[in-house]
Amino acid sequence: MTLPERLAQYHAAEGAEEYLDEYHKFHRKLSDRREHKLLDAYFAQVGGVATALDLPCGWGRYMPYLRSHGAEVLEADYSGSMLAKVAEVFPDTPLLGRMRCFGHRIPLQNRAVELVFSMRLSHHLADPVVRREHIEELFRVADRWVIFTYFDRASLKNLIRRAATALGLNKKHPKNTLSRAQVHAMAKAAGFKIHQDPMLFRVGSGHRLVFAERV
Ligand SMILES: C[S@@+](CC[C@H](N)C(=O)[O-])C[C@H]1O[C@@H](n2cnc3c(N)ncnc32)[C@H](O)[C@@H]1O
């Protein structure tokens, strides 16, 4: 699927609906649990937070969680349908706002919010320049904390995919990855320290969940 096709799919109302359904499936619940466990440990260190940008917010899966840590939340996504879904699923929840934008072009000032939260976007970004710009934007907009996922180039899942592709056994597109060294270098250049960046699962997932703080 090309990037415009994927974006169109997300933007479409059925895309938002499908994504919401997906989260009720078992494997999703499992990775959800692991994510929450890691996030609980991160937020134990963060404590309370005044403002958070949730980009991409999807249907608002993490918005109540961010609010439970005291944050006023700005929900942002490329997809207008996803943003509409947030209002539909959480009609009475007060928000800092809802904003339609790209993950690599965030229309906010430097250090505009205390925490930037970007779950499961990086691996959708097919263009390596855009993938890099997305991470740079997260660091630019965060006053103190950044939490995000990316797909690790050296993960077992990616290595298997690349080997299968080289042997002609795999017709799928290569994964949209970043190297861990590259992510650490970007954090450092932006004035951040990465406290933790574990894999979501060692086998079966190539995602890392990064927890970084401005130093
Ligand atoms: C896998 S979902 C993750 C949503 C949410 N963070 C979560 O974990 O439930 C990916 C989301 O990214 C949005 N998206 C895809 N490409 C985007 C882009 N370039 N900029 C901003 N949002 C994008 C989609 O509309 C979709 O809501």
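Contacts between residues 24 or more positions apart make up 61% of the protein chain's contacts with a separation of 6 or more. The model is predicted. Its protein chain holds eight helices and seven strands. Of the 215 residues in the chain, 30% are buried.

**Helix H5**

- Helix H5 covers residues 80-89, and its buried residues are Met82, Leu83, Lys85 and Val86.
- Viewed down the axis of H5, these buried residues fall within an arc of 155°, so they line one face of the helix.

**Helices H6 and H8**

- Two packed helices are described by the angle between their axes and the distance between the axes.
- Helix H6 spans residues 128-141, and helix H8 spans residues 180-189.
- Their axes come within 10 Å and cross at roughly 30°.
- The crossing of H6 and H8 is right-handed.
- On the H6 side, Ile135, Glu136 and Phe139 make the contact.
- On the H8 side, Val183, Met186 and Ala187 make the contact.
- By class, the contact of H6 with H8 has five nonpolar residues, one charged residue and no polar ones.

**Glutamine 196**

- Glutamine 196 sits in strand E6, which runs over residues 192-196.
- Glutamine 196 has 14 other C-beta atoms within 10 Å. A residue counts as buried at 20 or more and as exposed at 12 or fewer, so glutamine 196 is partly exposed.
- Isoleucine 147 lies 49 residues from glutamine 196 along the chain. The C-alpha atoms of isoleucine 147 and glutamine 196 are separated by 9.8 Å.

Technical notes:
Residues numbered from 1 in each chain as written. Predicted model: local features only at pLDDT ≥ 70, side-chain atom pairs only at ≥ 80, totals over all residues. Helix = DSSP H or I, 4+ residues; strand = E, 2+ residues; numbered from the N terminus. Arc of directions from axis to C-beta. Axes fitted to C-alpha atoms, helices over the stretch in contact; angles between N-to-C directions. Left-handed = near helix turned anticlockwise from the far one by under 90°. Contact = placed C-beta atoms within 7 Å. Nonpolar A, V, L, I, M, F, W, Y, C, P; charged D, E, K, R; others polar.
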